[in-house]
Structure formats: C-alpha cells, structure tokens
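Reader: I would like to go through the terms used for this structure and see what each one rests on. Please set the values against the definitions.

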Amino acid sequence: MSLEAVPAALPMVRLEGVSKTYRRGTVAVPVLEAVDLSIATGAFEAFMGPSGSGKSTLLNLISGLDRPSTGIVEVAGRNLAELDDRELSDWRAAHVGFIFQLYNLIPVLTAAENVELPLLLTPLSRAERRRHVAAALDLVGLSHRVSHRPPQMSGGEQQRVAIARAIVTDPDLIIADEPTGDLDRKAAEAVLDLFGVLHQELHKTLVMVTHDPHAAERAGRVHHLEKGVLQ
Amino acid sequence: MNYVRLACRDLLRNPLRLTLTILAGAVGVTAFIFLRTVIDIFYFGAEAAQVDRLIVRNKVSITQPLPLSYYARIAALPGVTAVTHQEWFGGTLGETQKDFFANFAIDPSTFLDVFPEFLTTPAELSAFRSDPCGALIGEKLARRFGWKTGDRVTLKGQIYPGDWTFNVRGIYTGARPSTDTTALVFGYRCLNESPQLPKAMKDQVGIYAVRVDDPARSAQVAAAIDAMFDNSPYPTKTESEKAFQLGFVAMSSAILTSVKVVSTVILLIILLVIGNTLAMGVRERTRDIATLRAMGFRPSTVVMLVLAESSVIGFAAAALGVLAAPSLVNGFARLVASQFGQLPDNVMRGRTLVVSALAAVVVSLLAGIGPALRAVRLPVAEGLRKVA
C-alpha cells in the first residue's frame, strides 16, 4: 500500500548514538544523549518522561523534522542525514503521518479539506483524492462531518480528523505527540481505539509520546526518557 | 481543494483586516493613477504636437513679441508650406481668473492651413473670416458656457486693456482626441486694428507656427529662419512644436518632480500596508505553516502560497483603484476647469491605468517576499510549538 514498502525484517526506526544539543546563546544545552533505539515495523511504541526529558525532540528526529547533533537516524531503511531539506520534505510527505496534541487542523478548511491537504503533494487526481479522503474520514467515523470546520467540532472529533489526515497518504510511520493530552477521557479512549485499529488491523508503525499512563498502556512497548537519556 | 483555494481561504481568515488592506491599497492605486494623470496632463500638448510643425518665438523669451512683418519673409523660405501667427490674448470673463479659458488672436486666413486638426464647417469658416471680430470656440468650451453660434462674448483684457467683444461665428471640433477644443480664437485684425490697442503693441504677434513640406528637413528650415533674423532687433528661436510644448513643461519641472516623488511614495505606502497585513497573517499562522511543512510541503510551496495571497490583495486593490480613479480624475477636472481651463476628455490614459495596476500587483508581490521567507526560515519543530 505504501509508496515504498519497507521489508518486514528491517526495523522501521533505528537510532544509533543519537545526541541533540541546542544552543541558547553561548550555552550548549544537551537534550538527548547517546540514544540507541530500534522500533520494529508494525510496532506501537510509546515514550514517557517528565517535561523537558527530550521526548518531543526524539520524535522530531525520528520524523525528520529536526537533525541530530551526532549519531544516525534511519527510518524505513533510509539514513535521514543523506537527505537535504527538500528531499526530507518529500520523504516526510511519503512516509510519515503526524498527529499533534492540539490537532493542528487548518481552521478555515473543512474536515474533508484538512484531510485532503497531504494528498495535494501526491500525483492523485481530484476524484482519487476525494475517494481517499472519504475512506479516511469513514475509518475515523466522521463521514457525517466532512463539511464542518474545526471550530464547529469537539476536541475528540478534531483529533479524529487529524488522524484521518495522518493516515490518508497511507504512510509507513505515524508520529503522535501527546495525542490525548487535550482530550477528555471518553474522547481519549476513542482516539486510542483508533490507534488500535491502525496498529492491529492496518499494521501501521506508531510512535507516540504521552504523559498519560492509560494511553501508554495501549502501546506494545513503553520507553522512559529522563534528562535526555533513554532508560 | 487546490493551492489557490488554500491561499484564498488563508486570506479570508480575517475578513475585516483583508477588506481594510484592499481598500487601503485601492486608495493608493487611485491616488497613484491620479498623480500620473496630472503628470500626463503636463505632457498633453507635447503629445498632440505634429512633426511637420515648427514654432518660431522671440529668442529672448516667449513673453517677448515678434514683428508681424516676419510673416512674409518666413513664408517665402524654401520648404515652408504654410505660416500663421498667434497672439496670447489672456482675456477673462470677469475681473478675475475665475472661469478661465485659453483665448488667442489668430490669422483666420492661414490658421487652418497650419492647424488642420481644428474642424469647422465651410459656412462657419467663411463667416469667421469675413467678420474682423468673429470668433471660433471649441466645442467643449461651448458646452461649458452654453455658447452657440451668433452669441456675443465679451472678455476683459488682462494684457490688452479694456473690454473686447467677439461674435461667435462657429464652433470647432477636433480631428483627433488630443485636439484642444477648450479655447476661443478670434481674428487678429480685431485686436491689431482696434483703437483700444496701445500703439506700442501694434503689428506684433506672439509666435509663428510654420508647416514644412518634409519633417526630415525641419531642423534645416528652423536654422534658416533663425539665421534670417539673427542680427535683427527681434532674433528668433525656432523649434519643433513638441520641443516648444516641452519648454512649457520644463517650466514646471519642480512641480512635476514633486508629483513623481509623491507617486513613488504612494507605491511604498501600498507596499508597507500589504506587507504589514501579510506579516501579521503569516505570524498568526506560524503553527499552521509549520504543520504544512511537517506534512511535506516544500518551503518553495509555502512561499508560493504567501505570494499568491499577496498577489490576490494586489489584484483586488488594483481593480478597485482603477474603478475608482475616473471619478477622482473627473472631479479634479471639474475643480480645475474654472481655474486653469477645461481638461481634454481623454486625459486619463489606458496606459496609465495598466501601468498603475501592474505597479500595484508587483508591489504587492514584493510585499509578500519578506513574510514568505520568514515563514519558511523558522525551523518546523519550533513553529509547531507556537500557540496562536
């Protein structure tokens, strides 16, 4: 289904000796230190840790939004350091779906248009794009909300639209940054149920950062980060 | 859904701000068109000039006269096909310059040989020529004051003392849109043979207008005329009609330069207004733009989206400005008609409108460059952390 299928034997994500240091003026602030990590294709793994432990930074490195100070980040068999910014954009469009804590939907677009956004980067025709959008919204149970804009929807519905947007291009890897952090318990459960569908039925690789132990319970493996070090 | 629709939806996030920005841009475009039209007005006479016409004036100054006796000597020169003379009369309807219009004393028998673009009927021309104090008035002037053939018009002389009454013998039209139909011309004899005229002003004219058989020989004929009167008490300066008209423009060069500077400043104001709106819009959408880039939208695509927004604003402002400009220019024309004379009908040029609209769009695009680059320079991860 994906544009470049990843052989099942290869890990989806492989980090080797990855460190990340930010500069605050003249001061170097280490955020991640010598992280080694392997996430199997089709796995659902969660990262937990206190604020400032480096969870989001790790997620940014895995998804190609940021580059490590040292070390190797390989995703879907590709060393991301080999890609320039433009290639990295194209790579993300083809391989990664994003789910954010605050949904990050474009408020002036309808649910269908939001879901269609990543498809603008594909060679699909308009009719094909519409078909994909309808299927994605159907999967998240929002076929009846296609014409609604984000401000007209509940937080849970918005996050389901965001999930539809993340999966509409059929990416290898889905990155979720605190996906239930802004939701009530019921809506959070609905979102986590959808993650279960993506993982178990569609065999997607999910990498999730969360503070929520209930959410982490759904993952197959939970990693803990403490002051930039993977425990 | 497509990129254009996405750009338009982004623009409509704040309809009030968008409306005010477009209106501000439109006001700027209208003001720009107005000022460029004012500049065009200065050059109107020069553009109406004919290549086969020369103007002979006193070498010292346009305000100094030339003797009437030069007529025959100029007419006898090889290459000259017709000569006529004119005298600026400068009369007013009342004591003041209110209701001003141009009025000249001309030679009825030769005027139309040199200025064939002034059209009148044979009957009117005959009546004009046979009446020493007959006058022809331009159709726009006739419309302005409701004058018709047979009316008598009395002007108060500002240069030539006393009241001067002329008989309207005809109404002339223009062969070209650029022909001035806002003036009154009357027979030179009425002025020159009048007992009201001071003796010192007799047999003098303001300029001679000369038609040549071959425009390529204009410079040669001009040199011959000037050489003929070089050592006389009234030396001449002969130049093309266009150069003569541009000489008047040059007298107003300081004003023209000021108007040009102000019109450029207006473009800068449009740039800043649109740039400010786009910068605010992009800043407010930092997280949305970062989300698009996280999804795989290339920086160039984001730049294109922002520039599409700026060009939409530019097009809208240009369209509104172009639509509003005629009202402003016509209002101005009405306002100045009583002070400086009526402006020609086609004073606002299509070229000016097109140039102004293009300038607005280009300036809008330029205004979008800064915000667009800022939108893509921010690291994606940092942009995603921004809360609107």
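Reader: Which residues in α2(B) meet which residues in α10(B)?

Author: The model is predicted: local features need pLDDT of at least 70, side-chain atom pairs count only at pLDDT 80 or more, and totals for chains, interfaces and linings use all residues. Residues are numbered from 1 along each chain as its sequence is written, and chains are lettered from A and ligands numbered from 1 in the order in which they are written. From α2(B), R17(B), T21(B), A24(B), G25(B), G28(B), A31(B), F32(B), L35(B), R36(B), V38(B), I39(B) and F42(B) take part. On the α10(B) side they meet L256(B), V259(B), K260(B), V262(B), S263(B), I266(B), L267(B), I269(B), I270(B), V273(B), I274(B) and T277(B). Contact requires C-beta atoms, placed from the backbone, within 7 Å; helices are DSSP runs of H or I, at least four residues, and strands runs of E, at least two, numbered from the N terminus.

Reader: How do the residues of this contact of α2(B) with α10(B) divide?

Author: They divide into 16 nonpolar, 5 polar and 3 charged. Ala, Val, Leu, Ile, Met, Phe, Trp, Tyr, Cys and Pro count as nonpolar, Asp, Glu, Lys and Arg as charged, and the others, Gly among them, as polar.

Reader: What makes α2(B) roughly antiparallel to α10(B)?

Author: The axes of α2 (residues 15-47) and α10 (residues 253-284) of chain B come within 9 Å and cross at roughly 165 degrees. Angles run from 0 to 180 degrees between N-to-C directions, with axes fitted to C-alpha atoms over the stretch in contact. Angles over 145 degrees count as roughly antiparallel (under 35 roughly parallel, 65 to 115 roughly perpendicular, the rest oblique), so α2(B) is roughly antiparallel to α10(B).

Reader: Why is A250(B) called exposed?

Author: A250(B), found in helix α9 (residues 241-251) of chain B, has 11 C-beta neighbours inside 10 Å. Exposed means 12 or fewer other C-beta atoms within 10 Å, buried 20 or more, and partly exposed in between, so A250(B) counts as exposed.

Reader: What joins strand β1 to strand β4 in chain A?

Author: 5 bridges join β1 (residues 11-24) to β4 (residues 70-75), which run antiparallel. Pairing needs at least two bridges found by DSSP, so these strands pair. V13(A) stands opposite V75(A) in β4(A). The open sheet has 4 strands in the order β2-β1-β4-β5 (chain A). Its edge strands, β2 (27-40) and β5 (78-79), each pair on one side only.

Reader: How many residues of chain B are in contact with chain A?

Author: 18 residues of chain B are in contact with 20 residues of chain A. On the chain B side, the largest share, 6 residues, comes from α11(B).

Key
Contact = placed C-beta atoms within 7 Å.
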